[in-house]
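Here are my notes on the model you sent over.

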Amino acid sequence: MGDQETRAALDRHWAASAAGDQDAEHEIYHDDVITDYPQSGERIHGRRNLQALRSNHPAKLTFTIRRILGSGDLWITEYVIDYDGKPASTISIMEFRDDKVAHETQYFADPFAAPAWRAGWVESMPLI
C-alpha cells in the first residue's frame, strides 16, 4: 500500500472513531496488533481486546484531528480526544506491517495553564 492509500485508511479510521463505528474503526488493525499506553503502563494484545476495551469506554468521546504525518510504515496522528467535555491532547504512533497496523503507541496529555514566567517568550495559541 502506498502513502496515499495509507493516508486514506487513516482518514477512514479516524472518521469511524469519531462516528463511534467500532467495526470500521478497528479494520485498520492486524488481528495480533499490540497497543501500548505508556502513561498508564498498559499493553493491549490483539484487535479483539482493543475493540472490546474501546467499545466499553464509559465517556462520550469526540475527536478533533490536528494533523497526520507519515510515510511508509510509520504514521503519526496528533489529535484531541474530548472525554465528556474534558479535552486531552493525544499522539498516536502507528507502525504498519502488510497494510495493517501492527503496533500503536498512544500518549495522552491533559491541558494545563501556561506558567506566567514564560510570558515574555511565548504567544498564546488556541486550545482545542
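1. Start at Thr90, which stands opposite Phe108 in strand 6. This is a predicted model, and here it pairs strand 5 (residues 86-97) with strand 6 in the antiparallel sense, over nine bridges. The two strands form a hairpin with two residues between them. Have a look at Asp98 in that turn: its phi is positive, at about 55°.

2. Step back for the overall layout. The protein chain has three helices and six strands, and reading along the sequence you get α-α-β-β-α-β-β-β-β. Its C-alpha atoms fill a box of roughly 50 × 35 × 25 Å along the principal axes. Of the 128 residues in the chain, 32% are buried. If you take the contacts with a separation of 6 or more, 41% of them come from residues 24 or more positions apart.

3. Now go back along the chain from strand 5. Strand 4 (74-83) pairs with strand 5 in the antiparallel sense over ten bridges, and Val80 stands opposite Ser89 in strand 5. Two residues sit between the strands of this hairpin, where Asp84 takes a positive phi near 50°.

4. Strand 3 (61-71) is paired with strand 4, again antiparallel and over ten bridges. Leu61 has Tyr83 as its bridge partner in strand 4. The hairpin of strand 3 and strand 4 has two residues between the strands, and Gly72 has a positive phi near 60°.

5. You'll find it in the loop between strand 3 and strand 4. Is Asp73 buried or exposed? Its relative accessible area is 51%, so it counts as exposed, the cut-off being over 50%. Even so, Asp73 touches Met94, Glu95 and Phe96, leaving out residues up to four places away in sequence.

6. What does strand 1 pair with on the strand 6 side, and in which sense? Four bridges join strand 1 to strand 6, and the two run parallel. Ile34 has His103 as its bridge partner in strand 6, and Thr35 has Glu104.

7. Strand 1 (29-37) is also joined to strand 2 by four bridges, this time antiparallel. Asp36 finds its bridge partner in Arg43 of strand 2. Their hairpin has four residues between the strands, and Gly41 takes a positive phi near 70°.

8. While you're on strand 1, click on His30, which lies in that strand. At a relative accessible area of 15%, His30 is buried; the limit is under 20%. Leaving out residues up to four places away in sequence, His30 touches Arg47, Arg97, Asp98, Lys100, Val101 and Ala102.

9. Helix 3 (47-55) has Leu50, Gln51 and Arg54 buried. Looking down the helix axis, these buried residues fall within an arc of 95°, so they line one face of the helix. What do they pack against? Helix 1, helix 2, strand 1, strand 2 (42-45) and strand 6.

10. Last, the second largest pocket, with a volume of about 320 Å³. It is lined by 21 residues, and Glu25, Arg54, His57, Leu61 and Phe63 lie nearest its centre. Two of those names have come up already: Arg54 is one of the buried residues of helix 3, and Leu61 is the bridge partner of Tyr83.

11. Which element gives the most to the lining of that pocket? Helix 1 does, with five residues. Helix 1 (3-19), helix 2 (22-25), strand 1, helix 3, strand 3, strand 4 and strand 6 (100-109) each supply at least two residues. By type, the lining divides into twelve nonpolar, six polar and three charged residues.

Terms used. Residues numbered from 1 in each chain as written. Predicted model: local features only at pLDDT ≥ 70, side-chain atom pairs only at ≥ 80, totals over all residues. Heavy atoms only, no water. 1 Å grid on protein atoms, 1.4 Å probe; cavity = no way out; pocket = protein on both sides within 12 Å on 5 of 7 lines; lining within 4 Å. Points joined across faces, edges and corners; volume = space filled by probe spheres on them. Nonpolar A, V, L, I, M, F, W, Y, C, P; charged D, E, K, R; others polar. Buried < 20%, exposed > 50% of the residue type's maximum accessible area, 1.4 Å probe, protein only. Arc of directions from axis to C-beta. Contact = heavy atoms within 4.5 Å. Pairing = 2+ DSSP bridges.
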